[in-house]
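Hi,

Here is the structure I promised to pass on.

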Amino acid sequence: MSAVLAGRVAAQRGAADRALVLLGTGVVGGAFLDLLRTPAASRLRLVGVANSRLQRTAAEGLAAHDLRARLRVDGEARDDAALLAALDASGVATKVIVDATASADLAARHPQWLARGHHVVTANKALAGGDLAGWRALQAALAHGARYGDAATVGAGLPVLATLRRLRDCGDRLLALEGVFSGSLSWLFNRYDGRRPFSALLREARARGYTEPDPRADLSGADVARKLLILARAGGFALDAGDVEVQSLVPASLRALDTDAFLACAEALDAPLAARHAEAQARGHALRFLARLDAHGRAQVGLAEVPAQHPAARLDGTDNQFILTTTRYRAQPLVIQGPGAGPEVTAQALLGDVLALR
C-alpha cells in the first residue's frame, strides 16, 4: 500500500462504525488481516487479535503490518475476557467477533457471544455443522437480535447459503441437493485418471496446500458432511450429525496412525481407487466425491460415479459445485459453481459478512 493510500485509510479509521476482534491468525486469519489494510475495510476498527495462545489489544500494535509476527514474539497470554472487554470499550455500536479458526471449543461459545449482543462472523463449521443441539442453541441465540455471518463456512463464500435462504424466504422448497463441496477432493478427482497413483496425486495436493496438513481430514468426508449439514439445515431439514451417511476413503488400518506414518503408507489407497476408476471408466463414467440430500432428508457423502453429462463430470481445478433442485427449479436445477477453497476467497467472505452488518 502506498504512503498516500495508507494515510487515507488511517484517517478514515477515525469514523469506524464496526469494531472487530479476530480469533485465529492462520492462513485465513492472515488473509483477513491483509484485507483489513485495504480501503474496503476503512470503516472497520480492529480492537483485538488472538491466536490459540497469545493476543494483542493495544491499538498501536494492531496497526502493524507484521502483526502476526509481533503477536508470536511479544503477545500477551490469551484472555478471552480481556478481548471482549476491549470490544465493549470500543465505543462503536456494531461489535463483531470474527472466528477464523476450526476450534470446536470456540464455536460452542458462539451462542453466548450472540446472546451478549455481539455479532459473530465465522469460517468455523464446528457449530452450525455439528450436533443438532448446538445448531438449535445457535438458532435460539439469534433471537436476541445479533447476526451470524456464515458465508465462509460453505464454498469459501460462493453465494450458496444466501441463495438457499432467499429461495426459502420466497416460499420455494428444497427438494434435492447434490454437489462437490471440497476443493481438495475436487482437485484430486478432477485430476485422477488411473494412470498416476492416487497417493502421488495426494502428496502433490498436500504440497500445493490444497489439503489439510493431515489429508485424512479431507479424505474422511467429515468436512464435507459438516457442509452438507449446514446447507440441509438452511434448507429446512433439521438433521443431526449421525443422520449423514459418510463413506470415508481412509482404510481402517490407516486411521489411527500419525500424519507422517499415514503419508508413508498412502499407497494403500491406490489399488482400491484404481479398481473403482477402471469400473467407472468402463461404463463411461467419472469418479467424484459427492454430497447428496434428497427430499426425504436422506443425506450421503462419499465417492460416486457420475455420467459424462453430469455437471460434476465437467469440473476443473478446485471448483466447488452445488446443484439445487427446488419446487421452482425442478426441470432445470440451479447450479452454483466456482473456487471453493483458498485463504483469499474465504477471507473475502468473512469481510463481506462484516460489511453487511448494520
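**Salt bridges, to start with**

Arg70 comes out as partly exposed, with 36% relative accessibility. For the wording: buried is under 20% relative accessible area, exposed is over 50%, and partly exposed is in between, using a 1.4 Å probe and protein chains only. Before going further, please keep in mind that this is a predicted model, where local features need pLDDT of at least 70, side-chain atom pairs count only at pLDDT 80 or more, and totals for chains, interfaces and linings use all residues. Residues are numbered from 1 along each chain as its sequence is written, and side-chain values use heavy atoms, with hydrogens and water left out.

Back to Arg70: its side chain meets that of Asp66 in a salt bridge, 2.9 Å from N to O. (A salt bridge here is a side-chain nitrogen of Lys or Arg within 4 Å of a carboxyl oxygen of Asp or Glu.) Asp66 is partly exposed too, at 36% relative accessibility. The whole structure has 20 salt bridges.

Another pair is Glu178 and Arg292, whose side chains form a salt bridge at 2.9 Å, N to O. This one links distant parts of the chain, with Glu178 in strand S8 (residues 174-180) and Arg292 in strand S10 (residues 285-293), 114 residues apart. (Helices, H or I with at least four residues, and strands, E with at least two, are DSSP runs numbered from the N terminus.) Arg292 is partly exposed, since its relative accessibility is 29%.

**The annotated binding site**

The unreviewed UniProt entry puts a "binding site" feature at Thr101 and Lys125. UniProt positions are in the numbering used here, feature names are shortened, and annotations may be inferred rather than shown by experiment. The two annotated positions are spread over 25 residues of sequence, yet they cluster in space, with a largest C-alpha distance of 9.1 Å. Both Thr101 and Lys125 belong to the lining of the largest pocket. (A pocket is an open set of points on a 1 Å grid over the protein atoms alone, where a 1.4 Å probe fits, with protein on both sides within 12 Å along at least five of seven lines; lining residues have an atom within 4 Å of a point.)

Thr101 sits in the loop between strand S5 (94-99) and helix H6 (104-107). Setting aside neighbours within four places in sequence, Thr101 is in contact (heavy atoms within 4.5 Å) with Leu23, Gly24, Leu106, Ala123 and Asn124.

Is Lys125 buried or exposed? Lys125 counts as buried because its relative accessibility is 16%. You will find Lys125 in the loop between strand S6 (119-122) and helix H8 (132-142). Beyond residues up to four places away in sequence, Lys125 touches Gly130, Thr153, Asp223, Arg226, Lys227 and Ile230.

Which side chain forms a salt bridge with that of Lys125 at 3.3 Å, N to O? The partner is Asp223. This pair also bridges distant parts of the chain: Asp223 is in helix H13 (residues 222-234), 98 residues from Lys125 in its loop between S6 and H8. Asp223 is buried, with a relative accessible area of 15%. There is a network of salt bridges here as well, linking Lys125, Asp223, Arg226 and Lys227.

Asp218, in helix H12 (residues 216-219), is buried but has no salt bridge, and the nearest side chain of opposite charge is Lys227, 7.1 Å away. (Lys and Arg count as positive, Asp and Glu as negative; His and the chain ends are not counted.) Asp218 touches Ser184, Leu185, Thr211 and Glu212, leaving out residues up to four places away in sequence.

Ala156 has a phi near 50 degrees, a positive value in a residue other than glycine. Most residues other than glycine have a negative phi. Ala156 lies in the loop between strand S7 (148-149) and helix H9 (160-169), and its 10% relative accessibility makes it buried.

Arg314, by contrast, is exposed, with a relative accessible area of 54%. Its place is in the loop between strand S11 (299-307) and strand S12 (319-326). Arg314 touches Ala308 and Gln309, not counting residues up to four places away in sequence, and its side chain reaches the backbone oxygen of Gln309 at 2.8 Å. That is a polar contact: a pair of N or O atoms within 3.5 Å where, within protein, one must be able to donate a hydrogen and the other to accept it, and residues adjacent in sequence count only if both atoms are side-chain atoms.

Cheers
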